[in-house]
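Please find my notes on the model below. They are numbered so that each point can be taken up separately.

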Amino acid sequence: MSPTTAFSPTEYNTHQAYMKRCLSLAALGLGTTGPNPMVGCVIVQDKTIIGEGWHQKAGEAHAEVQAVNSVKDKALLKGATVYVSLEPCSHFGKTPPCADLLIREQVGRVIIGCTDPNPAVAGTGIKKLEAAGIEVFRGVCELEARALNKRFFTFHNKRRPFVILKWAESHDGYIAPAQKTQQAPVWISNALSRQRTHKWRAEESAILIGVETALSDDPSLTTRDWPGKSPVRVVIDINGRLDEKLKVLDGSAPTIVFTAAEKTTTANHIDYIKVAAGELPINDLLRDLYDKGVQSLIVEGGASTLQRFIDSGLWDEARTFIGPTDLKSGLKAPVLDLEPSSAESLHHDRLLTYLNPQQL
């Protein structure tokens, strides 16, 4: 595999531009490709893009296949340069190896954003291409390529889901009023912020709350205000307090319940995971979700559940909506002793995003 330092600055800028196009295409698969990564591919011949594609849905054709199929004159593929945001696969899964396809089409060289952390690939795609005489370069826009598939990389490299913490708090720092006299839940954020939350749900594998939130707010935890699949619902219910009439047990989405009570898996999409009595360690919970194939987890629990994740250090992003009103009293919001990495306005709400420096 050739180093990207072999390129002149002008050449590198050209390759970077094509790779950024790959990343833009790949991002179109957010929320639909899991458990596969998001991948984009661009094929260039004589400084002209002749084909492009992206992995659109798990189980369907990969980005390289989509790009090759988009080329009208297949004779142009011979000697072409293929840009792909992630190393082409080398194994048979639900689809044939993409490395074999590129070899068969006799492309000239392949420029890759980053290698695939999946042990089933992990450099073997590159070796297969090089063994066939195809020149391979890796590392163009590598940081951006890894960031795009942060869920996929965290799952394979850290053997746990990518964890996002989310909550809304009042202007004066409360996550809930002292008493819920009018509605449950009490909305602190506006409709635009709540729609953003549903968009996020459609992008992640699972969503988690504690039993107190389930009992007090009776949330459905489904995706309703945005198109897309609802995440797997996860509830921590150590003492078996959930009522069967609650929305999280209605069977509308697969649900995992961590409990020490005597429960068995039912036919109503409910999977009970037996744990020891007492406080469930966050690392144990994440290990069990990893074993279930959960690549990403958005935590929408109450202040106690959120703070436990913060204190454990086992989180990657935190997204906080700050509403414009003051509650004056109630349940204090979780505490993050960090500066936000970004801020955004959504009508009268502010959205602050934090990155965990321990996990970067």
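**Notes on the predicted model**

1. At 14% relative accessibility, Ser220 counts as buried, a term that means under 20% relative accessible area, with exposed over 50% and partly exposed in between (1.4 Å probe, protein chains only). Ser220 is found in the loop between α8 (211-217) and β9 (232-236). Helices (H or I, at least four residues) and strands (E, at least two) are DSSP runs, numbered from the N terminus. Leaving aside neighbours within four places in sequence, Ser220 is in contact with Arg233 and Lys247, where contact means heavy atoms within 4.5 Å. Glu64 is 156 residues from Ser220 in sequence and 38 Å from it in space, C-alpha to C-alpha.

2. On the basis of these notes: this is a predicted model, in which local features need pLDDT of at least 70 and side-chain atom pairs count only at pLDDT 80 or more, while totals for chains, interfaces and linings use all residues. Residues are numbered from 1 along each chain as its sequence is written, and side-chain values use heavy atoms, with hydrogens and water left out.

3. Val294 is placed in the loop between α9 and β12 (296-299). With 5% relative accessibility, Val294 counts as buried. Which residues does Val294 contact, leaving aside its neighbours within four places in sequence? They are Phe155, Pro161, Ser205, Ala206 and Leu289. Pro161 is 133 residues away from Val294 in sequence, yet 6.0 Å away in space, C-alpha to C-alpha.

4. Phe155 also belongs to the buried residues of helix α6 (residues 150-158), which are Arg151, Phe152, Phe153, Thr154, Phe155 and His156. After α6 comes Arg159, with a positive phi near 55 degrees.

5. The whole structure holds five aromatic pairs. Rings of Phe, Tyr and Trp (its six-membered ring) pair if their centres lie within 6.5 Å; planes under 30 degrees apart count as stacked, over 60 as edge-to-face and the rest as tilted. The Phe7 and Phe137 rings are a tilted pair, because their planes stand at 35 degrees, with the centres 4.5 Å apart. Phe7 lies in the segment before α1 (9-26) and Phe137 in strand β5 (residues 135-138), 130 residues apart. Both Phe7 and Phe137 are buried.

6. Tyr18 and Tyr83 form a tilted pair as well, since their planes are at 40 degrees, with ring centres 4.9 Å apart. Tyr18 is in helix α1 and Tyr83 in strand β3 (residues 81-86), so the pair ties together parts 65 residues apart in sequence. Tyr18 is buried at 14% relative accessible area, and Tyr83 is buried at 3%.

7. Tyr83 is also one of three residues, with Ile43 and Val110, that touch the most other members of the largest nonpolar core, which has 43 residues. Such a core is a set of buried Ala, Val, Leu, Ile, Met, Phe, Trp, Tyr and Cys residues joined through side-chain atoms within 4.5 Å. Its largest share, six residues, comes from α1. Apart from it lies another core, of 33 residues, including Ile256, Leu285, Ala318 and Ala333.

8. Two charged ends sit over rings (NZ of Lys or CZ of Arg within 6 Å of the ring centre and within 35 degrees of the ring normal). Arg319 has its charged end over the ring of Trp200, 4.7 Å from the centre. The charged end of Lys332 is over the Tyr174 ring, 4.5 Å from its centre.
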